[in-house]
Amino acid sequence: MALTKDEVRHIAALAHLALSDEEIALYQEQLSAILDYAARLQAIDTSDVPPTATVLPLVSVLREDVPTEPLPRDEALANAPDAEANCFFVPPVLPPEKA
Amino acid sequence: MELHELTMHQALAAMRRGELTSVELTEAILARIEAVEPKTRAYLTVTAERALEAARQADALRAAGEERPLLGLPIAIKDNLSTRGVETTCASRILEGYVPPFDATVVERLKAAGAVILGKTNMDEFAMGSSTENSAFFPTHNPWDLERVPGGSSGGSAAAVAAGEALAALGTDTGGSVRQPASLCGLVGVRPTYGRCSRYGLIAFASSLDQPGPLTRDVRDAALLMEVMAGHDPRDATTWREPVPDYVAALGEGDLHGLRVGVPKEYFVEGVEAAVEQAVRSAIETLADLGAEIVEVSLPHSETGLPVYYLIAPAEASANLARFDGIRYGYRAEARTLEELYFRTRGEGFGPEVKRRIMLGTYALSAGYYDAYYRKAQQVRTLIRRDFDRAFEQVDVIVGPTSPVTAFRLGERTDDPLQMYLADIFTLSQALAGIPALSLPCGFDEAGLPIGLQIAAPVLREATMFRVAYAYEQATTWHERRPTL
């Protein structure tokens, strides 16, 4: 199945990926080819077949709630591109107002 | 034999006899790395100082009369396994400079067993690939032919062990990423039962499939390493509580009488190189000579492994990789708003294959397509599992080729993602079924490139798999060959 450029842009927006026009064109072609290949699954009868989300026979795994030492704050922040006042620092959520 | 050519059990025996120290061994390996690394480019980070310090500690412990399963053995770690205090990048720009504040459980277990960690090996970015060409930094070269790929995604680990730059290495296998490079580099590579080894600290790609596994020079080394790696971990709720068997003791004496070996008729298909088919068929004859009963089995949904995997793994990846947003670690793009920061960090930080799979997975999970793609793939995954359940009612192990081809040339498959995905055609279905499988050397093609035999077993039956592999290895000499560099 062939994806349109707009569909590819929509997927990129859902995935929070900034893509160039060249990338959009490339992924349009490549994703279409891969989805074409995947379409062969449609021919398989899966009525009454339950989906496999995990291969494990697990239902719910419980353990005692034992307090342990948390990661020290300075170690948690050590890898942050920007940290100030013991917090992760990020740009504003809303764009700065135009003058 | 040179020190860098030793197996782990040979080196361990020599150290226990007092004929070799860990410092001598580690120095020899570090010298080997210095000599051949410009050719193979197997490592992203070599931690020489830390390794020598760990070697000195190992020697001191041994001198004080203490013994541990891996005491003093120099081992490399794939760069998607977290190492406390040592940069861990997944071979991605988006994690460049990231230094984990903790060890992955399998790394912690190796250290506790006395292993000397040499450094971090190259890989396809976020373990997405079959050639290590998707590393954001540089490709790794196959020690058997430097013009060819080592396989992937654990290609750095495989090349390091094959080239004598480590005695063994840890890799991770999501759809074949330990077994396929083991096959292409002439090594033993193990994918454990899903949940046998902890995934804690393994930077997630596809959580229902990821498993750490060893790459070694022979089967005994693989069993030795698996005993250390495997076991329940309270920090990974998907690990099995069943006790870990003594895999080394289970290797046995090489007699396979009473054992049934399944050969799926679907595994010898078009696209399998003649030399590969010939070597695998000949290996099956050897298993019969050792007393095994050869039984033809059928895995009718084998062909669906590829499309099922390439829907499920990208879907899980698209969710797992959402955490890379430029806030808490790694690369951050310049941006005026938070949303722009997310988009640009991810657009600039991820490489082409990672973005392709995030896009594919996002699409397969998106409104209107979820049932047709993701749910459908999960249903066919059930059919793949049922195929194996049925086959294992008749046989103890299933054998076949690991890879349809020997090592291909660098650049040969990079333009066509589907061509690259086909490299994994024989390793995907075991991963989807959650069963253990290993690859071990079973011959060489006309060009002198290694060929791998794959042996798969039912859930938690690693011991049976090792027994068959060890019997075959004892009857052959493929594992004794080393590449000349």
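Two strands are said to pair if DSSP finds at least two bridges between them, and the helices (H or I, at least four residues) and strands (E, at least two) named below are DSSP runs numbered from the N terminus. The structure is a predicted model, in which local features need pLDDT of at least 70 and side-chain atom pairs count only at pLDDT 80 or more, while totals for chains, interfaces and linings use all residues. Residues are numbered from 1 along each chain as its sequence is written, chains are lettered from A and ligands numbered from 1 in the order in which they are written, and side-chain values use heavy atoms, with hydrogens and water left out.

In β8(B), B:E293 is the bridge partner of B:R260, and strand β7 (residues 260-264) of chain B pairs with β8(B) in the parallel sense over five bridges. These strands belong to an open sheet of eleven strands in chain B, with the order β1-β3-β2-β4-β6-β5-β10-β11-β9-β7-β8 and mixed pairing. Its edge strands, each pairing on one side only, are β1 (43-46) and β8 (293-297) of chain B. On average, and with direction ignored, neighbouring strands of the sheet are turned by 30° against each other.

Helices also lie against this sheet. Helix α3 (residues 48-63) of chain B lies across β1 and β3 (116-121) of chain B and runs at about 160° to β3(B), where axes are lines fitted to C-alpha atoms, for helices over the stretch in contact, and angles run from 0 to 180 degrees between N-to-C directions. Helix α5 (residues 155-162) of chain B packs on the sheet, touching β1, β2 (74-78), β3, β4 (168-173) and β6 (211-216) of chain B, and its direction makes about 155° with that of β4(B). In the loop between β3 and α5 of chain B is B:S153, which is joined to B:G152 by a cis peptide bond with an omega of about 10°.

The contact between the chains (heavy atoms within 4.5 Å) takes 65 residues from chain B and 55 residues from chain A. The area buried between them, that is, the accessible area (1.4 Å probe) lost on being put together, summed over both, is about 5300 Å², of which carbon and sulfur atoms give 67%. Two salt bridges are found across this interface, the criterion being a side-chain nitrogen of Lys or Arg within 4 Å of a carboxyl oxygen of Asp or Glu. A:E75 forms a salt bridge with B:R84, with the closest N and O atoms 3.7 Å apart. On the side of chain B that touches chain A, the largest share, 13 residues, comes from α12(B), and α12 (370-391) is among the helices of chain B that each supply at least two residues.

Note on methods: Buried area = accessible area lost by both parts, 1.4 Å probe.
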